[in-house]
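Thanks for coming, everyone. I would like to take a few minutes to walk through one model with you, and I will keep to what can be computed from its atoms or read from its database record.

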Amino acid sequence: MFEILFAGGWLMLPILACSILAMAICANRLLVLRPQLVTPAGLLAEVWELTKSGTMTSERLKSIRNSSPLGRIIVAGLNNSRHGRDIMKESIQEEASHVIHDLERFLNPLGTVAAITPLLGLLGTVIGMIKVFMEIMAQGTGNAGILAGGISEALITTAAGLSVAIPALVMHRYFQRRIDTLVLTMEQESIKLVEAIHGDREVDIR
């Protein structure tokens, strides 16, 4: 492993740093973006039962808000429900924008890693080929070992850059899709809450 790093030249260091960063971001997002943590099942039904029975307290609201991103959105709507349907929807949308921003945390750096590591690999390729041609100019084509060293450095950095970029890009797309799904679920739950409080029809909030 270390032999490959040394053979690839100094550009292997930023590529290695990018790989560590990408793995850390992926591990963090896999833990944070779990549906049971973001949109826990049964939360809306629990909130509605407490609201209907008149047993909802400020302590309970605080606990629900701190329990999950969906809880933050629901509590924002409940706190403004007495001001009418439009104000309630606006408060939900405002809180949802903050929640989405938190869910998308670190995705930009992950996308940046996916974009720059192939460029770092390409730069390593260019540097390796420059070394090859400089050796050819200085010594001719007789020393195959020196030429092979420059070519191997070029190929190693290219392979390393792609091996980091491809998984990073796949995970970036995966996390974006998961966030879209979670946001859709939160939107549906929020609509149910607004309809249940201000709507003219029965809503199944189970």
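This is a predicted model: local features need pLDDT of at least 70, side-chain atom pairs count only at pLDDT 80 or more; totals for chains, interfaces and linings use all residues.

Residues are numbered from 1 along each chain as its sequence is written, and side-chain values use heavy atoms, with hydrogens and water left out.

Let me begin with the charged pairs. Side chains of opposite charge can pair when their charged atoms come close. A salt bridge here is a side-chain nitrogen of Lys or Arg within 4 Å of a carboxyl oxygen of Asp or Glu, and a search of the whole structure finds eight of them. One joins Glu 49 to Lys 52, with an N to O distance of 3.9 Å. As for exposure, buried means under 20% relative accessible area, exposed means over 50%, and partly exposed is in between, with a 1.4 Å probe and protein chains only. On that scale Glu 49 is partly exposed at 47%, whereas Lys 52 is exposed at 53%.

Which parts of the chain does the pair Arg 85 and Glu 195 link? The closest N and O atoms of this salt bridge are 2.4 Å apart, and the pair links distant parts of the chain, since Arg 85 belongs to helix H7 (residues 85–103) and Glu 195 to helix H9 (residues 144–198), 110 residues apart. Arg 85 is partly exposed at 30%, while Glu 195 is buried at 13%.

A further salt bridge, at 3.2 Å from N to O, connects Asp 102 and Arg 105, and both residues belong to a salt-bridge network that also takes in Arg 65, Arg 72 and Glu 95. Asp 102 is partly exposed at 27%, as is Arg 105 at 42%.

Turning to the interior, a nonpolar core is a set of buried Ala, Val, Leu, Ile, Met, Phe, Trp, Tyr and Cys residues joined through side-chain atoms within 4.5 Å. The largest one has 38 residues, and those with the most contacts inside it are Ile 74, Leu 103, Leu 110 and Met 186. Helix H9 gives the most to this core, with nine residues. Counting contact as heavy atoms within 4.5 Å, and leaving out residues up to four places away in sequence, Leu 103 touches Arg 29, Leu 33, Val 38, Pro 69, Ile 179 and Met 186.

Over residues 110–134 the model is 100% helix and 0% strand, with the end C-alpha atoms 36 Å apart. Thr 117 lies in helix H8 and is buried, at 0%; beyond four places in sequence, Thr 117 touches Cys 18, Gly 161, Val 164 and Ala 165.

Methods: Helices (H or I, at least four residues) and strands (E, at least two) are DSSP runs, numbered from the N terminus.
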